Amino acid sequence: MMIVTASLFSSCSKAQSSVKLEKDGLDTNSILIVYLTRTKNTKAVAQIIHKQTGGKLVELELQNPYPENYKAIVDQVAKENETGFLPQLKTKIDSIEKYDTVFIGFPTWGMQLPPPMKSFLSQYNLKGKTIIPFNTNAGYGIGSSFDKIKELCTECKIFEGFVIKGGKERDGILFVMEGEKKIKAEKEIQKWLKKIGILKN
């Protein structure tokens, strides 16, 4: 499994100093980890991050869930991306203003940011917050997803994102973030969190 980090945002180095710290590390009350998952890989990464940073962990759910059939969801997401449709979220986050640091995790869908994550970023006021993306994909990369985050979060501080290869749903390879692969992912995530200044060395 190949694990890489993506250094895409020039604002990262300036933003790192803004993360709210306590004597023993992060102020966990100021951290929100929001993720979208389908095959559980993104959920696994979100849980690893949560274990290392604390904070509130939230899974994005839709009012009208996507179909289980892979081809059906691919077709639906393609139409949503083409028309700019933003699906309604079932998930509600209270008092989002109290969070200073927001991790957002998602798989790559159609080489783009998934519509539900676009809904989240459009629905909530994240102005002035530190945004930290993390992504799982089938090996084809992040596409335009990180650029879209930058576009939707113009008044945020955006940190370097984390990218990891997950399953290949098209080929029937679903949840793979377990066993030795999970242990390796945990080490890479810890290394990334230290690199961007979230965890102390």
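I began just past helix α3, where Gly 84 takes a positive phi of about 80°. I kept in mind that this is a predicted model.

**Helix α3**

Next I looked at the helix itself. I checked its length first. Helix α3 covers residues 70-83, which makes 14 residues.

Then I asked which residues of α3 are buried. I found Ile 73, Val 77, Glu 80 and Asn 81. I looked down the axis of α3 to see where they point. The buried residues fall within an arc of 95°, so they line one face of the helix. That buried set packs against α4, residues 115-123.

I turned to the other side of α3. There I noted Lys 71, Lys 79, Glu 82 and Thr 83 as exposed.

I also checked the start of α3. A side-chain oxygen of Asn 69 comes to within 3.1 Å of the backbone nitrogen of Lys 71.

**Ser 145**

I located Ser 145 in helix α5, residues 145-152. Is Ser 145 buried or exposed? Its relative accessible area is 0%, so I wrote it down as buried. I then listed its contacts, leaving aside neighbours within four places in sequence. Ser 145 touches Phe 106, Met 111, Gln 112, Leu 113 and Asn 135.

**Strand β9**

I moved on to β9, residues 161-165. How many of its five residues are buried? I counted four, so the strand is mostly covered. Strand β7, residues 130-137, pairs with β9 in the parallel sense. I noted four bridges for this pair. In β9, Phe 162 stands opposite Phe 134.

**Cysteines**

I searched for disulfides last. A disulfide is a covalent bond between the sulfur atoms of two cysteines. My count came to zero. Cys 153 is in no disulfide, and its nearest cysteine sulfur belongs to Cys 156, 4.3 Å away.

The cut-off I used is 2.5 Å between cysteine sulfur atoms.

I checked whether these cysteines are covered. Cys 153 has 3% relative accessibility, so it counts as buried. Cys 156 has 15% relative accessibility and also counts as buried. The cut-off for buried is under 20%.

Methods:
Residues numbered from 1 in each chain as written. Predicted model: local features only at pLDDT ≥ 70, side-chain atom pairs only at ≥ 80, totals over all residues. Heavy atoms only, no water. Helix = DSSP H or I, 4+ residues; strand = E, 2+ residues; numbered from the N terminus. Expected span 1.5 Å × (residues − 1). Buried < 20%, exposed > 50% of the residue type's maximum accessible area, 1.4 Å probe, protein only. Arc of directions from axis to C-beta. Contact = heavy atoms within 4.5 Å. Polar contact = N/O pair within 3.5 Å; in protein donor to acceptor, adjacent residues only side chain to side chain. Pairing = 2+ DSSP bridges.
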